[in-house]
Amino acid sequence: RLSGTSKMAPPRVVAATVGRGFTAIPVRFSVRSRASRHLFVKPHRVREAADRRRPQDRTLFVLNLPPYITQECVHRLFSQCGPVTSVELQEKPGTVSISEKQKSKFFSGPPAQSFRVAYVVFKKPAGMKAAVSSKCREPWVLSPRDHPIRTGLQKWIQGYCCSIVNPSELQTEVDQFMKEHDEKAAELEAQAASEDGVPDEDGWVKVTRKGRRPGIPRTETGNLRLIQREKRKRARKELLNFYSWQHRETKREHIAQLRKKFEEDKQRVALLRAERKFKPY
């Protein structure tokens, strides 16, 4: 029988090889945690051409990473197996990724609250082999005392402090983005100008919107002028001959104009006849 003040040591867990070539590595949140979960790792193998950022002999593919884990935490955990060159955290497996340092601080949106994957690149192949080996090991601690992961109230305070925008940093990032956008636009425009009128391998010529007489670029003044012109056109067309009484008034005015013109024509004809009288002497 155990007394109420006795403490049980955490069980010793053995890393085991599971299906599809994965090795299960036991981890726990802190030293005081009794429960443990597993990270599933295996060497990174792809059929496509080799990626320089992820050499297949030194890259480890990791599954089942909890949402609260950070890039620094993954780097620290796998540094136990050997020197780590880089760590990439992603929501889904894939070849194209944006590391946490490259993500925009202001326009990336909230982080996904789901389990993620990681690609860990070691400095030497021996580090990856040590990570996938199924030797006896104690569960790795995700949040040790010297590198704690913020939780609870501390996590909310950190999130609130990060949500406060620094205007100078925001302006710097926007200027950098616009500079890159202008460079790409200029490059595409130069490429289109060089390909304009040049037939391709099959003899086809690409037709662009510019042509010999390119359109006038839209400006704010030109847009306002077009809006005012459309308003005048709409005002002239609004509610013309819409109601039945408008139809009757239009017909009545038309008949009155015809009668007036008929009387004027009669007078003109009578005047011409009077001037055509025969006068022999």
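Is Asp265 buried, partly exposed or exposed? In this predicted model, Asp265 has a relative accessible area of 32% and is therefore partly exposed. Asp265 forms a salt bridge with Arg268, with the closest N and O atoms 2.8 Å apart. Both residues lie in helix H6 (residues 244-275), where three residues, about one turn of the helix, separate them. Arg268 is likewise partly exposed, at a relative accessible area of 47%.

The protein chain contains six helices and seven strands. Read from the N terminus, the order of elements is β-β-β-β-α-β-β-α-β-α-α-α-α. The chain has 281 residues, of which 21% count as buried. Among contacts with a separation of 6 or more, 67% are made by residues 24 or more positions apart.

Five salt bridges are present in the structure. One of them joins the side chains of Glu88 and Arg54, at 2.6 Å from N to O. This pair links distant parts of the chain, since Glu88 belongs to strand S5 and Arg54 to the loop between strand S3 (37-43) and S4, 34 residues apart. Glu88 is buried, with a relative accessible area of 10%, and Arg54 is buried as well, with a value of 2%. Salt bridges that share partners join Arg53, Arg54 and Glu88 into one network.

The side chain of Gln90 makes a polar contact with the side chain of Arg54 at 2.7 Å. Gln90 is located in strand S5 (residues 84-90) and counts as buried because its relative accessibility is 8%, below the cut-off of 20%. Arg54 also lies over the face of Tyr119, at 3.8 Å from the ring centre.

Tyr119 in turn takes part in an aromatic cluster with Phe22 and Phe61. A search of the whole structure finds four aromatic pairs. In the pair of Phe22 and Phe61, the ring centres are 6.4 Å apart and the planes are at 50°, so the pair is tilted. Phe22 is in the loop between strand S1 (16-17) and strand S2 (23-28), whereas Phe61 is in strand S4 (residues 59-65), and the pair links parts of the chain 39 residues apart. Phe22 and Phe61 are both buried. The rings of Phe61 and Tyr119 are also tilted, with centres 5.2 Å apart and planes at 35°. Because Phe61 lies in strand S4 and Tyr119 in strand S6 (residues 116-122), this pair ties together parts that are 58 residues apart in sequence. Relative accessibility is 10% for Phe61, which counts as buried, and 4% for Tyr119, which also counts as buried.

The side chains of Glu72 and Arg76 meet at 3.9 Å, N to O. The two residues are four positions apart in this helix, about one turn. Glu72 is partly exposed, with a relative accessible area of 43%, whereas Arg76 is buried, with a relative accessible area of 19%. The side chain of Arg76 also reaches the backbone oxygen of Leu142 at 2.7 Å. Leaving aside residues up to four places away in sequence, Arg76 touches Val141, Leu142, Pro144 and His147.

Conventions:
Residues numbered from 1 in each chain as written. Predicted model: local features only at pLDDT ≥ 70, side-chain atom pairs only at ≥ 80, totals over all residues. Heavy atoms only, no water. Buried < 20%, exposed > 50% of the residue type's maximum accessible area, 1.4 Å probe, protein only. Contact = heavy atoms within 4.5 Å. Polar contact = N/O pair within 3.5 Å; in protein donor to acceptor, adjacent residues only side chain to side chain. Phe/Tyr/Trp six-rings, centres within 6.5 Å; stacked < 30°, edge-to-face > 60°. Lys NZ or Arg CZ within 6 Å of the ring centre and 35° of its normal. Salt bridge = Lys/Arg side-chain N within 4 Å of Asp/Glu carboxyl O.
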